[in-house]
Amino acid sequence: MLDGREYRITVIGAGPAGAAAAISAAAMSMEVDWYDKENRPGGKLNDYHQLFPDRATADQILADFDGRTDAIEIKKHFGTAVNRIETDNRQLILLSDNKIVGSADAVIVATGFDFFDARLKEEFGYGIYDHVITSPDLEKILKTNPEDLRKEGADPVSIAFVHCVGSRDQQAGINYCSRLCCITGIRQAIGIKELFPSCKVVNFYIDIRAFGSGYEELYREAQEKYKIQFIRGRVSEASENQQHRILLKAEDTLMARPLKLTVDWLVLLVGMVPSCTQVQIDNHQCTDQETGFYQPVNVFTGSRIAGLPGIFMAGACGGPMSIPEAIASGRSAAMEAWQYLKDR
Amino acid sequence: MAGKKNFGFERHAGRQIDLDHADNSLATELAEVVSAWSACISCGSCAATCPAGQNVGFNFRRLHYKIKLSLEVETDNYPSLLTSCLLCGKCQLVCPRGIPTRYLSIQIMQKTKHYAEVIPPV
Amino acid sequence: MKKYWKDYQKDIAEDNYFYVRSCIRQNFFPGAENLFIDILRNKLGKVVFEDADHTTCTGIGYHTDIVPLETTMTVVARQFALMKEKGFKNLVVSCVTSFGLYSEILDLWKHQPELKKKIAGYLVEATGRIFDEPGNMVHASDILYKYRHEIAAIAKHKLVDKETGEPLKIVDHIGCHYAKTFPERGVGGSEFPQVLTGLINAWGGSTVDYPERRHCCGFGFRNYLVQANRGYSISQSKIKLESMQPYEPDLIVANCPGCAMFLDRWQYTLEETEGSVYGPNDRKIPVVTHEELAGLVLGYDPWEIGLQTHQVPVEEMLDKIGIEYDPDLKYADRQGNLIGNPEMINQQVC
Amino acid sequence: MNKQDLSGLIMADPRYSEACRSCMNCGVCTAICPASGYYDYDPRVIVNLVRESDEETLTDMLSSDLIWYCGQCMSCKPRCPRGNIPGALIQILRAVSINTGLFVHSALGRQQLAIKRSIGHNILETGYCVHPTRVDPETHPEQGPVWAWMSNNADQVYGRFDKGYDKAGPGLLRKISPEALGDLDRIFEVTGCKKLWNTIETESEKHI
């Protein structure tokens, strides 16, 4: 039995990673303070419709977390954005807008990520053309009112998804792969096909990175069962015609020929970037120079943030991560924090 | 007079694939009889292992992919290339998605009879 | 404003310009550059200097691969040397190909200082001159953009239909080498450049956002210069014209002399060879340059600024705005004597 | 022909490091390329072929029409996610093709002679790439009757806009001074342009 009764731990962030970390720390009897800048837990899960690979609803996962965090002793401080941590001897001092809000023996940072600002990829016209939307926009539409996808009562005739928007792109200043956009695009494409079976759905991809358990199977299902078309080539330009339909130019690289297609909606599968609400830790440079995500002391063996005692990271604040991965990393951070406090 | 002058150069249509105006009747017909066809990931295993491909430049992946895109199959010496398929079925053995490529080839031959003068025995 | 181009605001010098002319603009729009200089000097009160000894930048030769990179660089370094000799620091470039080329050269020198040193050596060896890089370098359309509101304040005409009061529907075409080569050097960047829409909106017109807005006019250098290759060139303009046709534009404005010329001439050729016309009411669409657009709103005489050198007639557009002109002076010389009419085939008569 | 290190020549060009880094074959360049919409041409494939560095492939490519389709609009430049400039790579390939004489083996490559004799000579003889007296309405019917009128009445038409037309001093299509033309001529000599022109002439002649 892991006994953390003497330890005071703070978890910053109430998304899946933060929730898992808080639940695990509390299960080890640690005294847990749990912060989030929003007034409710769940983070981006609140805006998600379905999850891959089994397409469970986000609400199911949220309900599960709520049940477990309510059943266990966790002090919740929602609506408070901890944006700075200072080290004071062996104590970690938590500040929100330069005001001290608490202290802890260890902190787990689980501040998550932001979606790439698609306006920066100007050639797609996001923010200019109303029918160019991002994957999180589509997720909200699917969750709240899929009828919005109809135009004047008619089913959409064609919808395209563009992979790697704000991923693997020097022009956007982002060279890494966000990993999850591929499977998001596949899952959302299936969602569209279920709503509008006669709609032509095309995914423009460079490489399909279906890395997770069940992902490749979902990809195949999208092709075989739902007849979603996958074209290997990145969309180079989107523009709008008088009917407010979106014209796309891409290369079908497997044919080595340029291609054009008109769609009712263009969905940009945006990548994951470091959260703008990252916590500043002393004046320490604790993020990766290249990507901006937090860096662990050792990518294989530790989730402690490099160069700092007692501060651990969980979830997508350390780089693009799926929800199961974020949950696992939250648990693991709690475990490592316990180990650290025991040994110090 | 207008519209007929020659100014010393020719102009031809472009080669951009127009997915808006593609006639996909052949692709639709084929997808109905060979449902697994849509699971193709264009890995090229079929073309790599194809004995006809080694000798006469026949590329099965490109061929069926072209049909899928509803491109004009009668160009590119398509019929003569298709007749070089030996129906040996090696492609089917290597397909990672288990697509019945030999059967697909037969179906293509049958549905495009009008393109080819010589149809190999099925 | 929803758009996201504010990051691309560039630094445009306020005064004391060293102006370099464009081969194509001088040939095909012979009134435009003197008009530009006149607006700057006499309407905006700026100092503009033109050095008689500056030459072509060799840009067309460079992009047709008959002039090597280092030769072009040295010719450009010579222009910089002339500017230094005359005591100017702010370069204003008339030609978009030149502007792109100057940008490319400055960028290469920044990354490869030894290359710049080598060129400086060539320039001394060939001409005895030394040069400095310009302190500020802009395209001529950037200056009009900077002073668009000042021009609007003294404008005689607005870009509106005088009968209906409706804004004219204007297509803007930005030369590829203005911002595609170095987006940060263009007002608004490469995807939604603001340099011409800024002028159009400030002067009362409305811009047309049509799908092929960013497509190249099709000059294509060797693809036009060699007669047999011109099918490429005209096909690109055709793509643009077909795409803008449903919007029924009143006018096309381009900041690149080549683009303006091709969008003008290819309309003629498309009608002659294919019978296609792309403007409203079976008319062709007039094409003007940025200087000419400014000249029109400022009330210059259309024939004194060279609108008769366009193949597509401009009269209907002038009538729509309410700009007066004397039809008898269209094809006249400096003294007002008729030079003789171009043999107007398929003349568009009102 | 002697075996040459084409790959080395290509990579020695100062533009190479900017033009050709690495490629993920996404095709945005081809998607937007006016030439690839018109010709059987694919800039993405060109980048890949160059990166293979196979001398036989490069020899074939530099001897073919393939490198001469690009219209140099550089639309490819702002889009490439790896920061390549296929249009600049084409310039390098063309320079190497001319310098090694391979250009004469393709019909489009052989057009360099005519371009050199027109644009090239215009530059050194007039100081302009193009000049009203050198764009012949006969060979430019697409320019239309207005151009024919301008070209045939150049003194009067151009003189209307600037008294300085074709005269010394600043102004519209001023006559470029002998001193300035002398500068250009020496620059062309010193920087190797004359040598390049000599190659174009002699290799073209050999081919005939």
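In which sense do strand 5 (residues 91–96) and strand 6 of chain A pair, and over how many bridges? They pair in the antiparallel sense, over five bridges, where helices (H or I, at least four residues) and strands (E, at least two) are DSSP runs numbered from the N terminus, and where two strands pair if DSSP finds at least two bridges between them.

The model is predicted, so that local features need pLDDT of at least 70 and side-chain atom pairs count only at pLDDT 80 or more, while totals for chains, interfaces and linings use all residues. Residues are numbered from 1 along each chain as its sequence is written, and chains are lettered from A and ligands numbered from 1 in the order in which they are written.

**Chain A**

The two strands belong to an open sheet of four strands in chain A, with the order 6-5-4-18 and mixed pairing. Its edge strands, each pairing on one side only, are strand 6 (99–104) and strand 18 (280–281) of chain A.

The loop between strand 5 and strand 6 of chain A holds A:Asp97, which has a positive phi of about 50° although it is not a glycine. A second residue other than glycine with a positive phi is A:Cys164, with a value near 60°, but A:Cys164 is found in strand 10 (residues 158–165) of chain A. For the surroundings of such residues, a residue is called buried if 20 or more other C-beta atoms lie within 10 Å of its own, exposed if 12 or fewer, and partly exposed in between, with C-beta atoms placed from the backbone.

| Residue | Other C-beta atoms within 10 Å | Class |
|---|---|---|
| A:Gly112 | 26 C-beta atoms | buried |
| A:Cys164 | 29 C-beta atoms | buried |

A:Gly112 is found in the loop between strand 7 (106–109) and strand 8 (113–115) of chain A. A:Gly112 counts as buried because 26 other C-beta atoms lie within 10 Å. Two residues are in contact if their C-beta atoms, placed from the backbone, lie within 7 Å; leaving aside neighbours within four places in sequence, A:Gly112 is in contact with residues including A:Gly13, A:Lys44, A:Ser275 and A:Cys317. A:Gly315 is also among these contacts, and the C-alpha atoms of A:Gly112 and A:Gly315 are separated by 6.2 Å although the two residues are 203 residues apart along the chain.

Elsewhere in chain A, the peptide bond from A:Phe52 to A:Pro53 is cis, with omega near 0°, and A:Pro53 has its place in the loop between strand 2 (31–36) and helix 2 (58–70) of chain A.

**Chain C**

Chain C also has an open sheet of four strands, here with the order 6-5-7-8 and parallel pairing. The edge strands, each pairing on one side only, are strand 6 (206–207) and strand 8 (287–289) of chain C. Strand 5 (residues 169–173) of chain C runs parallel to strand 6 of chain C and is joined to it by two bridges, with C:Thr207 in strand 6 of chain C as the bridge partner of C:Ile170.

Helix 13 (residues 257–274) of chain C reaches 25 Å from its first C-alpha to its last over 18 residues, close to the 26 Å expected at 1.5 Å a residue, the expected span being 1.5 Å times one less than the number of residues. The helix is mostly covered, with 17 of its 18 residues buried, and is followed by C:Gly275, whose phi is positive, near 75°.

**Chain D**

Chain D has 12 helices and zero strands, and its C-alpha trace spans about 55 × 35 × 30 Å along its principal axes. Of its 208 residues, 54% count as buried. Among contacts in chain D between residues at least 6 apart in sequence, 61% join residues at least 24 apart.

The domain assignment gives domain 1 (6–105) and domain 2 (111–207) of chain D, with bounds that come from an automatic or database domain assignment. The contact between them takes five residues from domain 1 of chain D and seven residues from domain 2 of chain D, and the C-alpha centres of the two domains lie 29 Å apart.

Between chains, five residues of chain B are in contact with five residues of chain D.
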